[in-house]
Amino acid sequence: MSDAHQNQHDLSAKPDQRAARSADYTTNLDLEGAEFGGELNGEELTAEYRSGSDWWRTAVFYQIYPKSFADGNGDGIGDLIGVKDRLDYLALLGVDALWLSPFYKSPMADGGYDVSDPTDVDPMFGTLADFDAMITAAHERGIKVTVDIVPNHLSDQHVWFQQALAAGPGSPERARFIFMDGRGPDGSEPPNNWPSIFGGPAWTRVPDGQWYLHIFAPEQPDVNWANPEVPAEFERILRFWLERGADGFRVDVAHSMAKPEGLPDMDLTAYQGPGTQLNPDLRFDNDGVHEHLKMFRRVIDSYENRMAVGEAWVANDERLALYVRGDELHLTFNFRLVEAPWSAESFQSAIDNSLTAMAEVGAPCTWVLSNHDVIRHTTRYGGGPVGHARGRAAALVQLSLPGAAYLYNGDELGLENVNLPDEALQDPTWERSGHTERGRDGERVPMPWEGTEPPFGFGAGVQPWLPVPPEWAAVTVEAQLDDEGSTLSLYRHALRLRRQLPELHGSAFSWQRGPQGCLAYRRGSNLVVALNAGDVPVELPPGEVLLSSSALEGNKLPANTAVWLRA
Ligand code: GLC
Ligand code: CA
């Protein structure tokens with residue numbers, strides 16, 4: 001099996017030293033009657049937790065992949081009206097903020113990450129008026145809205161690229177992109193040997209003989225950030241969405257805007273094919289990127305209470321921390337947890353390393369388990385009942401670590417990746433890899449809302465853009481909502497407790513000793529989190545159980561289970 005995105009950006013960081021553990025994890029407590037804590041109710045939580053200038057430091061963000069979330073007009077494709085119509089669900093779930101993947105004008109060569117007009121809504125997703133109505137309705141519910149910004153490339157249909165093609169070599173229009181003459185006597189070889197992330201070369205030749213760089217698909221030409229017109233244009237785009245009320249941004253491939261001087265060849269000996277990066281990788285994480293991020297911060301800080309999170313797949317957490325120095329991004333996704341296989345050691349090492357690196361620069365960690373580019377965590381952890389139990393346990397870890405957390409739509413339903421038939425695949429990776437890499441559609445299948453037949457209330461009419469499996473009848477929102485044991489209920493409990501428990505708002509964190517195969521940590525003075533990632537039940541740590549990811553067996557913490565306790 002070669003699902004590239006499973007090890008996408010696998011930079012094989014060195015394992016780090018485990019932090020010294022303190023305190024004991026021993027117990028004899030009588031836990032008779034311990035069960036999921038608290039009632040499900042629509043309780044309003046303290047306003048300070050949601051607002052204030054640093055709301056993002058502890059916020060739970062919910063990623064919406066607009067095409068797959070909810071279809072408001074019944075054409076089989078999710079849209080902004082669909083998002084607005086489901087805001088009460090998101091309020092009930094208890095998230096603080098949304099991140100919407102791109103809904104901008106786009107020919108959709110890469111699911112909307114090929115933007116042809118960054119300050120307009122694609123008709124597929126609605127109109128600017130729909131955006132305004134959605135954000136107003138979200139704000140009325142106390143939910144913030146952040147949007148994607150894609151600064152590394154534009155669509156080949158963007159007016160700038162069309163002008164660049166028409167204007168010819170040496171023109172100022174071409175200088176907004178990275179056009180070069182080729183190598184070899186007749187210039188028929190690409191300017192360097194860089195591969196595209198989606199497979200094939202990172203260069204495409206145009207009819208007049210020049211080549212342009214595209215680190216992603218040919219429909220996504222890289223822009224030239226060394227040309228002052230480019231930062232000026234992105235400042236305009238940032239301000240456009242800030243003026244419309246956006247609370248922040250997710251910065252797409254934030255590590256790629258600056259290119260190395262002279263665009264030298266890469267050493268491809270260790271290269272593992274489409275979807276992977278090298279460590280280090282010449283194409284990414286060049287120091288010049290930080291100047292550009294400072295511009296982002298300056299613009300964002302000229303508005304109140306706004307933020308930005310970066311997507312940066314870099315060699316290690318020390319490099320990552322550079323992105324969240326005080327005058328750069330506010331947050332940056334910690335992908336080490338995404339890459340960690342299911343084991344106490346790998347989780348602990350990912351957590352430890354991230355906490356240490358972020359503390360150096362005073363930034364919070366930003367925990368992620370799934371997104372639209374990686375195999376859903378329930379599937380990564382083995383799928384089926386075991387993967388499911390592990391996915392629930394991992395969620396209790398994710399939501400109890402200090403910092404911000406990002407959920408991906410469907411995490412709260414415990415959704416798994418779907419094995420789609422070849423003819424359904426739409427990710428450019430499938431074509432560009434010569435049908436060897438299936439790409440990322442399996443984690444982008446539309447959300448199941450209600451009813452017993454596909455597409456489960458996703459939209460009113462036609463079948464959606466990707467087929468929804470009939471088995472999802474068991475995991476619709478409707479099926480899970482009133483089921484106290486459902487994954488949806490687990491997330492609701494966790495998010496409610498996360499707001500109520502002062503321990504989870506602060507940054508205090510210390511590891512506790514635990515049995516083989518387990519990890520445990522204390523948050524604040526007396527909240528303890530324990531995860532049994534091993535194969536056999538262990539003694540529970542002492543304390544009152546507030547929440548557990550699976551039913552407990554007496555005073556045992558079963559395998560593949562996590563628990564929150566009041567010590
Ligand atoms: C990011 C996005 C991904 C997209 C790529 C190119 O990695 O998350 O979906 O394909 O950037 O924009
Ligand atoms: Ca639609």
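This is a predicted model: local features need pLDDT of at least 70, side-chain atom pairs count only at pLDDT 80 or more; totals for chains, interfaces and linings use all residues.
Visitor: Why is Asp 79 called buried?

Guide: Asp 79 has 3% relative accessibility, and the cut-off for the term is under 20%, so Asp 79 counts as buried.

Visitor: How do you know that the protein chain agrees with a compact globule?

Guide: For 567 residues a compact globule would have a radius of gyration near 24 Å, and because the protein chain has 23 Å, the two values agree. The C-alpha atoms, taken along the principal axes, fill a box of roughly 80 × 50 × 50 Å.

Visitor: Which residues touch the most other members of the largest nonpolar core?

Guide: That core has 148 residues, and those touching the most other members are Phe 61, Tyr 62, Leu 90, Leu 98, Phe 103 and Trp 564. Helix α11 (residues 344–361) supplies the largest share of this core, namely seven residues.

Visitor: Why is this core said to lie between domain 1 and domain 2?

Guide: Both domain 1 (3–24 + 56–152 + 229–260 + 279–508) and domain 2 (159–213) give residues to the core, so it lies between them. Apart from this core lies another, of 16 residues, including Ile 178, Trp 203, Leu 213 and Met 266.

Visitor: What is Leu 98 in contact with, leaving aside its neighbours within four places in sequence?

Guide: With heavy atoms within 4.5 Å as the criterion, Leu 98 is in contact with Tyr 62, Ile 64, Val 83, Leu 87, Leu 90, Ile 143, Lys 144, Val 145 and Thr 146.

Visitor: How many Å separate the centres of domain 1 and domain 2?

Guide: Taken over C-alpha atoms, the centres of domain 1 and domain 2 are separated by 32 Å, and the contact takes 16 residues from domain 1 and 12 residues from domain 2.

Methods
Residues are numbered from 1 along each chain as its sequence is written. Chains are lettered from A and ligands numbered from 1 in the order in which they are written. Side-chain values use heavy atoms; hydrogens and water are left out. A nonpolar core is a set of buried Ala, Val, Leu, Ile, Met, Phe, Trp, Tyr and Cys residues joined through side-chain atoms within 4.5 Å. Buried means under 20% relative accessible area, exposed over 50%, partly exposed in between (1.4 Å probe, protein chains only). Helices (H or I, at least four residues) and strands (E, at least two) are DSSP runs, numbered from the N terminus. Domain bounds come from an automatic or database domain assignment. The radius of gyration is taken over C-alpha atoms; the globule rule is 2.2 Å times the number of residues to the power 0.38.
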